[in-house]
Structure formats: C-alpha cells, structure tokens
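Open the model in your viewer and keep the sequence panel beside it. This tour goes stop by stop, saying what to select and what is there.

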Amino acid sequence: MTTPDRHSTDAFLGGRIALHQSKTGYRAAMDPVLLAAAVPDIGRGRVLDLGCGNGAALLCYGARVPGPDLVGLELDGEAADLARVNAEENGFDARCTILQGDIMTPPDALTPGGFDQVFANPPYLDARTGEASPIPDRARSNVEGEARLKDWVSALLRFARPKGGVTIVHRADRTDEILALLSRKAGDITVIPLWPRLGQPAKRVIIRARKGVRGGTVLHPGLVLHGPADDPTARYTPAAAAILRDGAALV
C-alpha cells in the first residue's frame, strides 16, 4: 500500500516506468537504471535481482527486455511491498515475482543455478568503515549489514546457472575485491567504469561475468555520465541520456 504522505511517485526511463518510493528512506536514482542497462538481453528465461528494493532495476530491465520472467528478492518488508505495487501498476505483475527474504538464508522458492542472469546493487559501504544513516532502510541500503560484499558475490554466483551471467554495480574503489571474489569462479569479465564527467576518476563500476567459464577480463571504455560542468544544458551526455531516458542498453 502506498500513501502520499510517506511515498512519492517518480518517473524513470523518460516516464516508461513510474516508481513509488519512500520519501525519507532509500530512493532509487541513477545506479539501478545503469545496472539494468548493463544486464544482457537474454530473450527468454529467468532473471533475478538480489536486494531489489522497490523494483527499480528489475522493472527497468523488464521494460527493455520483454521476454524473461522477473524475480526480485528483498530483505525489507516495506520495500518488497512497494516493489509488488510497482510491478503491478507498471504492467509487470504477470511476469514478476517479488520475494521477501535474506540473501544469507534465501527462501526455498529461489533455486540455486536457476537463473540465466543474476544482478545486484548491494550496499556500497564496508560495515567496518561506513557511517550508517539514522533512517533504518536507508542504512540497510548504503552500509553492509550481516551480508558483506563476499556474501553478495557468492549469492550472485549461487543462483546463476552454469555459464549464466552475473552483474553488479559498486564503488570503483572496491573493484579489486570484486575481481578477487570472482577469480576462478567466473570468467568473461567486463569492468565498465562510470565516469562522472570527462577527465574525472570513476566513482562507480559495473562488473559483468559468466559463471564457470574461463575467459579473461576486459576493461570497457566506460560511460561518461554528465556533460561539462559549465554547460547547464548538458545534464547528461547523449550516451547516458539514451540509457536513463530512452531505456537503451549499456553495450
């Protein structure tokens, strides 16, 4: 159930997706949209979004790729309810299932090795160093809890089928951790830097891999998100706008 005093409704993909979001807790922005754009088009099959929140990445992927069944797992009950409402109101209820549960003790409905693509936008901050928000659901979304980065990567691999894909968006300064966790368990790895502006260091990366294959690692040219700071009309670069507003893939 959504209530105007607690939730807002925000447009994604140029209005193709309307998401109810908490006004005070975690609010989806650019990262889940970019994550969804980086997940390959599988035509048909099943995809899983671990820690799906209000459904932003899952529904953005579904808007671009009309064939697969969509499954989301979310720890927070209110966020899971919002994801179900968002799926229904955006016309995805027939192909979308939202489960409430923990990646550490996932529900029986999630079959290991049962998904063609598994993706996640986990908390970015290490529990040992991150400063948690006083708002509980925002804290859970930003700072690792019991589940640490190794547990998220392990869950991505656990639920992907053999040779299936895993995709994660995270802080650029944790790239080495993610690559180490994928080592000898996945291959065909692509690291996609997300540059805030041309000439600035990447703050985020998207990392894609395939479970159980031997291919090496490729550094993608990356995506520059914003135009020049002195040009108020260039909020996004054309490439970023094509993803964020038009629902294009990040290829």
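**Stop 1: Ile103**

Select Ile103 and show what surrounds it. Leaving out residues up to four places away in sequence, Ile103 touches Leu50, Leu73, Ala147, Asp151, Trp152, Ala155 and Arg158. Keep in mind that this is a predicted model. Ile103 sits in the loop between strand S5 (96–100) and S6. Is Ile103 buried or exposed? Ile103 is buried, with a relative accessible area of 6%.

Ile103 and Arg16 are 87 residues apart in sequence. In space they are 30 Å apart, C-alpha to C-alpha.

**Stop 2: Arg64**

Move to Arg64. It belongs to helix H2 (residues 56–64). Arg64 is buried but has no salt bridge. Which side chain of opposite charge is nearest to Arg64? That is Asp41, 5.2 Å away.

Look next at Val39. Its backbone oxygen lies 2.5 Å from a polar atom of the Arg64 side chain. Then show the other contacts of Arg64. Beyond neighbours within four places in sequence, they are Arg16, Ala36, Ala37, Val39, Asp41, Gly247, Ala248 and Ala249. Arg16, from the previous stop, is one of them.

**Stop 3: helix H1**

Select residues 30–38, which form helix H1. How many of the 9 residues of H1 are buried? The count is 9 of 9. Among them are Met30, Pro32, Leu34 and Leu35. Ala36 and Ala37 are also on the list of buried residues, and both are in contact with Arg64.

**Stop 4: the largest cavity**

The largest cavity has a volume of about 50 Å³. Its lining is made by Leu13, Val33, Ala36, Ala37, Cys60, Arg64, Ile243, Gly247 and Ala248.

Leu13 is in the loop between S1 and strand S2 (17–22). Leu13 is buried, at 4% relative accessible area. Check its backbone too: phi of Leu13 is near 55 degrees, a positive value in a residue other than glycine.

**Stop 5: the second largest pocket**

Strand S1 (7–12) and H1 each supply at least two lining residues. S1 gives the most, with 3 residues.

**Stop 6: salt bridges**

Now colour the charged side chains. The structure holds 9 salt bridges. Three of them follow.

Start with Arg161 and Asp116. Their side chains meet in a salt bridge, 2.8 Å from N to O. Arg161 lies in strand S7 (residues 160–171) and Asp116 in strand S6 (residues 115–120), so the pair ties together parts that are 45 residues apart in sequence. Arg161 counts as partly exposed, at 33% relative accessibility.

Go on to Arg210 and Asp188. The closest N and O atoms of this salt bridge are 2.9 Å apart. The pair links distant parts of the chain, with Arg210 in strand S9 (residues 204–211) and Asp188 in strand S8 (residues 186–195), 22 residues apart. Arg210 is partly exposed at 32%. Asp188 is partly exposed, also at 32%.

Finish with Arg174 and Glu177. Their closest N and O atoms are 2.9 Å apart. Arg174 is buried, with a relative accessible area of 6%. Glu177 is partly exposed, at 32%.

**Stop 7: Arg184**

End at Arg184. Where is it? Arg184 is in the loop between helix H6 (175–182) and S8. Arg184 is exposed, with a relative accessible area of 87%. Its phi is positive, about 70 degrees, although Arg184 is not a glycine.

Terms used: Residues are numbered from 1 along each chain as its sequence is written. This is a predicted model: local features need pLDDT of at least 70, side-chain atom pairs count only at pLDDT 80 or more; totals for chains, interfaces and linings use all residues. Side-chain values use heavy atoms; hydrogens and water are left out. Helices (H or I, at least four residues) and strands (E, at least two) are DSSP runs, numbered from the N terminus. Buried means under 20% relative accessible area, exposed over 50%, partly exposed in between (1.4 Å probe, protein chains only). Lys and Arg count as positive and Asp and Glu as negative; His and the chain ends are not counted. A salt bridge is a side-chain nitrogen of Lys or Arg within 4 Å of a carboxyl oxygen of Asp or Glu. A polar contact is a pair of N or O atoms within 3.5 Å; within protein, one must be able to donate a hydrogen and the other to accept it, and residues adjacent in sequence count only if both atoms are side-chain atoms. Contact means heavy atoms within 4.5 Å. On a 1 Å grid over the protein atoms alone, a cavity is a set of points where a 1.4 Å probe fits but cannot get out, and a pocket is an open set with protein on both sides within 12 Å along at least five of seven lines; lining residues have an atom within 4 Å of a point. Grid points are joined across faces, edges and corners, and a volume is the space filled by probe spheres set on the points.
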